[in-house]
Amino acid sequence: MLRRPESDPATRSVLALRNIEDNLCFTAHEAWAWFVLPTQPWAFRSDRQREQLLYGIGDGLAWLAGHRIHLRVTSRPYPAADWARKLHDLTPAPLGTDGVEPWSEHMVTMQKHLRHQTLGDKDVFLGVRLGNRAATHRMIGALWRHPGNVEHARLLTKREQVTETVGLPGLDGRPATASEMEWLVRRSVGVGMPAPAVLSPSSGTDWDADDLHAFEDEIEYAAGPLDRTIRLTSRGMREPTVRHAAVLSVGRLEEIDAPDPALDPWLSHTDRLPFPVEWSCQFDVLSGVEARRAIQRKLLVVRDMQRHYSEHDLDEPLALGRQADQARQVEDQMTRGADVTAARVHGWFRLAVTGPTEEACLERARQVVTSYRSRRVTIEHPRGQYGLLREFIPGEPVSTAAHRRRLPAMYVAAGVPTASSRLGDRRGPYIGCTTGASRRAVMFDTHYATEVRETSGLVPVVGGLGAGKSVLLGQLTYEAARRGIPSVVLDPSGPLSRLVDLPELAEHGEHIDLTAAANGTLNPFDVVAAPQREGFATEEAFHEAVVMASQDRKLLAMDVIKMLLPPSVNALPQTSLVVSDAVRATGGERSSSLWDVVRILESLEDPHGRVVANYLRDMAELPLSRLFFPGVEPTAARMQATLTVLTMPGLVLPPRTVPREHWSTSEQMAVPLLHLAAWYATRAVYGRDMQSRKLVALDETHFLGEWSAGRALFTRLGRDSRKWNTCVLASSQNPADVLGMDVANFMSAAFVGRIEDEEAARDALRMLRVSTGVGYERALASLSSGRGGQANREFVMRDVDGNVDKVGVDLSANPGLLGALNTTAGRDGPGARASERVA
């Protein structure tokens, strides 16, 4: 055997750890197993779902009775580089314009923006002490520099039992990998320092006592006995980084109501703060029997004091009686309750905040104390900061017994340390960050639903006036167009036409003013695209598509004619009969027109046909009617650009509360124009290759649901969007309009902006598939509460995977786009700053 020469220096690591083997950590006297707990969504979940989560965590803790637990909650920066690389790989043909920031530089800009935001991914680690190491095992470990096979064999059964318990529903944990353990130790040794970006290149999974020096050599601590913070200095090859850390401890806390829809879980409350907060909780889990013995000892002390007062004929303090009553209630609960109710935890709950200076660190500590005061939780700032900070490192013992908390296990479960936001697909362009219980980056790929989840691409966007619908539509369309995805936007009012004026889109965009388009541009027989044979696998499928297109043309033509007729004429039963006969006679051919219908009506034997034909000839004399009454010259093919914005400036849409018989002529003309424009926009879907990516954005879609042709269009888009690889963004002011078109099963994602009407809010929650009647209606009314100034617009988003949370649209990294999408009155003048333009 090789022996170390006596002249070799022997420097023992200051860490309590002696070995790390996969997820097993060995100190001089204890063996621990570490696990990773997945984060759980919390926002917009029903009370039943939340209770299931709480009891799942509580059961997991109760089943770990007899073990000491070390709960570590930390965060790591959002992997901006990996995200940008993945998005770049998913963008094979981005747009390029000479003299304009290319796509690659755009991605670099977004990476820098993400790195400067306090956006990170929450990581939750759970350490379980398996037991104390026997003296013989310690001797063998010291001799061989690693735990022996006998020790591993004796730990195997307990390790498997703990692994099975932690993996049950509620905790849903899995054993940590060697790289995750290395990351956790480095993160814990350097609390507040930049997160470890590079780990050990070695593929080995074991760290022995000599290797552990690599962790402590990178950080140097400096603190005095009475200092309120710890000074940490990095000692790597880069420029030294200095941070100040303050460790706080949870003190007295009152009884907790769980779940409380008005408050966040108390252990996850710090996720709301604009700076990262680390948690380290070490506690012993006591079974009901063990906890009852401790309570009975306390109860005997209280009864002895009561007897003492009685013997001396003195009135006992009221507090003493309350303590006795509470002890009896707890004892009864432990005796008769389930394991999760009877289990208790005794331990310490520490928080760590950091800052670049001592003043900044103490200010953040003050904010933590203040934020918990409203929760009736006392946060203490103890002495002995160095020892408290060491507790965050796996394997380190508790430095002081002060501020020990004795709580029911359900109190810890009610803290839900795994609660977090989980929103977006993590592969699409960045659209903003969550604004609920925590701040997390939100990415949205317009074709994640169709290409990965193989579901519909229909995405409704609803909200009241000023909710920010146009901004969101513009942002999603802009990112899609920059990626080279052909996009068509129908924006009747016209603000989104500014997108084609942006330098990066000017050469690839086209703005079509439909009110100035050629005659017959919106011919109802021509706006329905003809199916392409190469898009269908069989002749039968192609023939069926041709028949369906013909039926859509006839249905659309009948609806347009009825929209043009006065309500008094529409109400006559023979009107529907003659119009149906005339349209049917056209055969639904694409070469037909409304003039053909007029001539057929005039040739019918029924005299009512001439009455309807005369009304149509009168409407054809109006200026805008030339769009659907074609002239002699054929309509030129359009919409070949990557981005096409269709506008109808001056279009006066009728108020929804005004009956049709009171509409003006311009309002009566606006409804068929909007319908035909929506069908015209969808030609971009069916006129391109079936597998290629496409995007269609439709505004003012609530008028489509009032007519059968509009509902047919919506149903067709929802049904065909997956097959044709199309994202359909549909904007409306009222969620009932979307729900009324029977497309609920086709919605892959949804965005809901500020809605103040309670009935509309309930419909919006149904669209989001969120429980109604539990207070979430008020959450919709409070969205974008800081409208005006520099406030971003907020939406409640339901992503493709069913996660729901609040997201704030963030365009601060692209001031040019923010300026183009700004529609706030008085804020788009030449003197307005980009930061003052409302998103």
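How do strand β17 (residues 430-434) and β18 pair, and over how many bridges? The answer is in the first view below.

**View 1. Strands β17 and β18 pair in the antiparallel sense.** The pairing runs over three bridges. Two strands count as paired if DSSP finds at least two bridges between them. Strands here are DSSP runs (E, at least two residues) and helices are DSSP runs (H or I, at least four residues), numbered from the N terminus. Y430 stands opposite M443 in β18. C433 is buried, with a relative accessible area of 8%. Buried means under 20% relative accessible area, exposed means over 50%, and partly exposed lies in between (1.4 Å probe, protein chains only).

The model is predicted: local features need pLDDT of at least 70, side-chain atom pairs count only at pLDDT 80 or more, and totals for chains, interfaces and linings use all residues. Residues are numbered from 1 along each chain as its sequence is written, and side-chain values use heavy atoms, with hydrogens and water left out.

**View 2. An open sheet of 11 strands has mixed pairing.** The strand order is β18-β17-β27-β26-β25-β19-β24-β23-β20-β22-β21. β18 (441-443) and β21 (509-513) stand at the edges. Each has a single partner strand, so one side of each is left without a neighbour in the sheet. Neighbouring strands of this sheet are turned by 25° against each other on average, direction ignored. Axes for this angle are lines fitted to C-alpha atoms, for helices over the stretch in contact, and angles run from 0 to 180 degrees between N-to-C directions.

**View 3. V728 is found in strand β24 (residues 726-732).** V728 counts as buried, at 0% relative accessibility. S456 lies 272 residues from V728 along the chain. The C-alpha atoms of V728 and S456 are separated by 9.0 Å.

**View 4. Strand β5 pairs with β12 and with β6.** Strand β12 (residues 278-286) meets β5 in the antiparallel sense over six bridges. Here R68 stands opposite D284. Strand β6 (residues 120-132) also pairs with β5 in the antiparallel sense, over nine bridges. V124 in β6 is the bridge partner of V73. Eight of the 10 residues of β5 are buried, so β5 is largely enclosed by the rest of the structure.

**View 5. The largest cavity has a volume of about 100 Å³.** A cavity is a set of points on a 1 Å grid over the protein atoms alone, where a 1.4 Å probe fits but cannot get out; lining residues have an atom within 4 Å of a point. Grid points are joined across faces, edges and corners, and a volume is the space filled by probe spheres set on the points. The lining includes L37, I57, L61, I69, L71, L126 and F283. α1 (47-63) and β5 (68-77) are the elements that give two or more residues to this lining. By class, the lining has 10 nonpolar, two polar and no charged residues. Ala, Val, Leu, Ile, Met, Phe, Trp, Tyr, Cys and Pro count as nonpolar, Asp, Glu, Lys and Arg as charged, and the others, Gly among them, as polar.

**View 6. The second largest cavity has a volume of about 70 Å³.** Among its lining residues are W42, D264, P265, D271, S420 and D805. This lining divides into five nonpolar, four polar and three charged residues. The structure holds seven cavities of 30 Å³ or more.

Conventions:
1 Å grid on protein atoms, 1.4 Å probe; cavity = no way out; pocket = protein on both sides within 12 Å on 5 of 7 lines; lining within 4 Å.
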